[in-house]
Amino acid sequence: MFSNTIKEIIEDYKRNGKVLTQNDLAKVLGMTKQSFSNKMQRDTFTAEDIVKIAEYLNMKAVLKGDHEYTIK
């Protein structure tokens, strides 16, 4: 569930003295904080949403199994 991953990332930022809010991520996706909150509750993120958030955070979205694939 990507919503749980977002929560972990936000907590990691806090532990490292950085600020990252759901509102920041909502702006990345071009939506309101309320729309983002709804997405979090329903866990309805698209692959495009995940890639946009990953790019904003200077991260990569990766699928892992027997092989590893980066989502671009």
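Glutamate 11 and lysine 14 are three residues apart in helix H1, so about one helical turn separates them. Their side chains meet in a salt bridge, with 3.5 Å from N to O. The model described here is a predicted one.

**Salt bridges**

- The count of salt bridges in this model comes to five; among them is the pair of glutamate 11 and lysine 14.
- In that pair, glutamate 11 counts as partly exposed at 35% relative accessibility, whereas lysine 14 is exposed, with a relative accessible area of 52%.
- An α-helix has 3.6 residues a turn, so residues three or four places apart point the same way.
- Glutamate 48 and lysine 52 also sit within one helix: both lie in H4, four residues apart, which is about one turn.
- Glutamate 48 forms a salt bridge with lysine 52, and the closest N and O atoms are 3.4 Å apart.
- Of these two residues, glutamate 48 counts as exposed at 51% relative accessibility, while lysine 52 is partly exposed at 33%.
- Another salt bridge joins the side chains of aspartate 49 and lysine 39, at 2.9 Å from N to O.
- Aspartate 49 lies in helix H4 and lysine 39 in helix H3, so this pair ties together parts that are ten residues apart in sequence.
- Aspartate 49 is buried, with a relative accessible area of 9%, and lysine 39 is buried as well, with 14%.
- Side chains of opposite charge can pair when their charged atoms come close.

**The largest nonpolar core**

- The largest nonpolar core has 14 residues.
- Those that touch the most other members are Ile6, Leu20, Leu25, Phe36, Phe45, Ile53 and Leu57.
- Helices H1, H2 and H3 are the elements that give two or more residues to this core.
- H1 gives the most, with five residues.
- In soluble globular proteins, nonpolar side chains tend to be buried together.

**Phenylalanine 45 and serine 3**

- Leaving aside neighbours within four places in sequence, phenylalanine 45 is in contact with Phe2, Ser3, Ile6, Leu29, Phe36, Lys39, Met40, Ile50 and Ile53.
- Two of these partners, Ile6 and Phe36, are also listed with Phe45 among the core residues that touch the most other members.
- The list of partners also includes Lys39, the residue that forms a salt bridge with aspartate 49.
- Serine 3, another partner of phenylalanine 45, is placed in helix H1.
- Serine 3 is buried, with a relative accessible area of 4%.
- With neighbours within four places again left aside, serine 3 is in contact with Lys39, Met40, Asp43 and Phe45.

**Helix H4**

- Helix H4 runs from residue 47 to residue 56.
- The buried residues of H4 are Asp49, Val51, Ile53 and Ala54.
- These buried residues pack against helices H1 (2–15), H2 (22–28) and H3, and against strands E1 and E2 (68–71).
- Alanine 47 belongs to helix H4 and counts as partly exposed, at 49% relative accessibility.
- The C-alpha atoms of alanine 47 and lysine 72 are separated by 9.3 Å, although the two residues are 25 residues apart along the chain.

**Two residues with a positive phi**

- Aspartate 43 is not a glycine, yet its phi is positive, at about 55°.
- Aspartate 43 is placed in the loop between helix H3 (33–42) and helix H4 (47–56).
- With a relative accessible area of 23%, aspartate 43 is partly exposed.
- Asparagine 58 is not a glycine either, and has a positive phi of about 55°.
- Asparagine 58 is exposed, with a relative accessible area of 74%.

Note on methods:
Residues numbered from 1 in each chain as written. Predicted model: local features only at pLDDT ≥ 70, side-chain atom pairs only at ≥ 80, totals over all residues. Heavy atoms only, no water. Buried < 20%, exposed > 50% of the residue type's maximum accessible area, 1.4 Å probe, protein only. Contact = heavy atoms within 4.5 Å. Salt bridge = Lys/Arg side-chain N within 4 Å of Asp/Glu carboxyl O. Core = buried A, V, L, I, M, F, W, Y, C linked by side-chain atoms within 4.5 Å.
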